[in-house]
Amino acid sequence: MGIIGDERLNDLTHDEISRYSRHLLLAEIGIEGQKRLRAARVLIVGTGGLGAPLALYLAAAGVGTLGILDFDFVEASNLQRQIIHGTRDIDRPKVASAQDRIRALNPEVKVVTHNTYLSRDNALDIFKDYDVVADGADNYQTRYLVNDACVLLGIPDVYGSIFQFEGQASVFYAKEGPCYRCLFPTPPPPGLVPSCAEGGVVGVLPGIVGTIQACEVVKLIVGGGDSLVGRLLLFDAWGMKFRELKIQKDPACPICGRDPTIHELVNYEQFCNINLADEDEKKFETITAIELKERIDRGDKLQIIDIREPHERAIAKFAGSKAIPLGQMARRIGEFDPSIDAVFLCKIGQRSIFAMRALLEAGYTGRLLNLKDGVNAWARDIDNSLPQY
Ligand SMILES: [Zn+2]
C-alpha cells in the first residue's frame, strides 16, 4: 500500500496540523496520510494548462517536494488557461513564475526547478529523485518518453491530455497495470492531431483534467481509494459527460510486457516521426511575409489561398486572399490556375502544408508556396493592424 516508505515519515508540526486540518479530519488521509504527502517527491512535467492545477493543488495539499519541469516562457496566449502564471509573468521562464506562485501558496513546499527540455539524455537522471511523475506534456514524444522512463524506474506516470473540449486521464503504473504503450502502441502520424495552439482548447478543460491528475497523485501517495490504474477516463466538456474504458496490460508490450525489447530510452522524435514531418515540410517552397509583400507591391499575379475555417479567418483577415478551407482543397482544384503561383496561408504555416499536399495528391501541377509562419508573420512583419493569435 502506498509508494512512500514508513521510514521517511516524521511528526507534523503544530503549524502543519493547522494548515492541513481538513485532510487530517478525513479517516482516509489523517495524520499518517499527511506525513506521506510531506515525505513525497512529485515531478510535474510541464507548467502549462495541466501543470498549473497540478502544481497549485499539490502544493496546497502539502506535497513536500515538487519538481517542476519546463523550458518555455510565459506568453499572453497561455493566460487563458495556465492559471499558475499571471499577466506580469509574460516573458518570464515558466518554472520561475510557477515557483513564485507555489511559494506564495505554501512556503513549506520545497520546489525544485528543472528549466530544461526533457529528453532521453536527462529524463532518467531527473526522474530518479521522484516517487511519482505527473505528465502535463502537450506532445506525443514527451508522453512516450515519460512513460518509458517511469516504467524503467518503476514509478507511476499520472497521465492527462486535452484537446478542444475533450480530455483524458489515467495512471500508468506498470507494476500494477498497463502503461501508455499498452494503450497506444504507436503514435498517430505527425500532424494528424493538431496541437492546442492550432486547434484551440477551452480554458477550463485543463483545469478539470489537471485537477483529476492531482487527485490521483494524492491517492497514490496516501495509498487509498480506487486509482485510475487500468482505466482511461474520458471527459467531454461540451457535452459535460464522463466515460471510462477498461484498459489492460498488453503481454506483448515492448516495455512492460512479458518479454520486453525496450531496456533503455529510445529516440522519441524518430519514434513519433517528428523529423519525418520536418523533412516533409522542407519539400515545400516557402515565402516570407516580407517577400510576399514585395511581390504584391510589384503587382505580381498571385493566388493567395487562406485555408482557415471562417471562425478562424474572422480573428485576422488576410486582405486579397481567397478562402478555401483545408477539407475542401482537393475537390476545388478546378478553381486554381496552374500558370500562376499559389501562396497558402494558415495561422502559423503548418496546416497549410496539408493543404498543399492535398492539392498535389489531387494532381495539381502549378507552383505552390507556403507563407512562412502564417498570418501571424504577416501581422508581425507587415500589417500591425492585424492581431497575432
Ligand atoms: Zn506496457
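Four cysteines hold the zinc ion here: C179, C182, C253 and C256 each give their SG atom, 2.3 Å from the metal (donors are N, O and S atoms within 2.8 Å of the metal, or 3.2 Å for Na, K and Ca; water is not among the atoms, so sites may look incomplete). Keep in mind that this is a predicted model, where local features need pLDDT of at least 70 and side-chain atom pairs count only at pLDDT 80 or more, while totals for chains, interfaces and linings use all residues. Residues are numbered from 1 along each chain as its sequence is written, and side-chain values use heavy atoms, with hydrogens and water left out.

**Zinc site**
- The site of the zinc ion is tetrahedral, with angles of 95 to 119 degrees among its 4 donor atoms (four donors get that label if all angles lie between 85 and 135 degrees).
- Along the sequence, the donor residues follow the spacing C-x2-C-x70-C-x2-C.
- C182 sits in helix α8 (residues 180–183) and C253 in the loop between β8 (241–246) and α11 (268–271), so this pair ties together parts that are 71 residues apart in sequence. Helices (H or I, at least four residues) and strands (E, at least two) are DSSP runs, numbered from the N terminus.
- C182 is buried at 11% relative accessible area, and C253 is buried too, at 0% (buried means under 20%, exposed over 50%, partly exposed in between, with a 1.4 Å probe and protein chains only).

**The parallel sheet**
- An open sheet is built from 5 strands in the order β9-β13-β12-β10-β11, with parallel pairing (two strands pair if DSSP finds at least two bridges between them).
- β9 (285–287) and β11 (322–323) are the edge strands with a single partner each, so one side of each has no neighbour in the sheet.
- Strand β10 (residues 303–306) is joined to β11 by 2 bridges, and D306 has A323 in β11 as its bridge partner.

**A helix and what follows**
- Helix α10 (residues 204–222) has 19 residues and spans 27 Å from first C-alpha to last, close to the 27 Å expected (1.5 Å times one less than the number of residues).

- Most residues other than glycine have a negative phi.
- Q164 has a positive phi of about 55 degrees; Q164 lies in the loop between β5 (157–163) and β6 (166–172) and is partly exposed at 32%.
- M240 has a positive phi near 50 degrees; M240 is in the loop between β7 (231–236) and β8 and is exposed at 55%.

How values were computed:
Four donors count as tetrahedral if all angles lie between 85 and 135 degrees; four count as square planar and six as octahedral if opposite donors are over 155 degrees apart and all others between 65 and 115; anything else is irregular.
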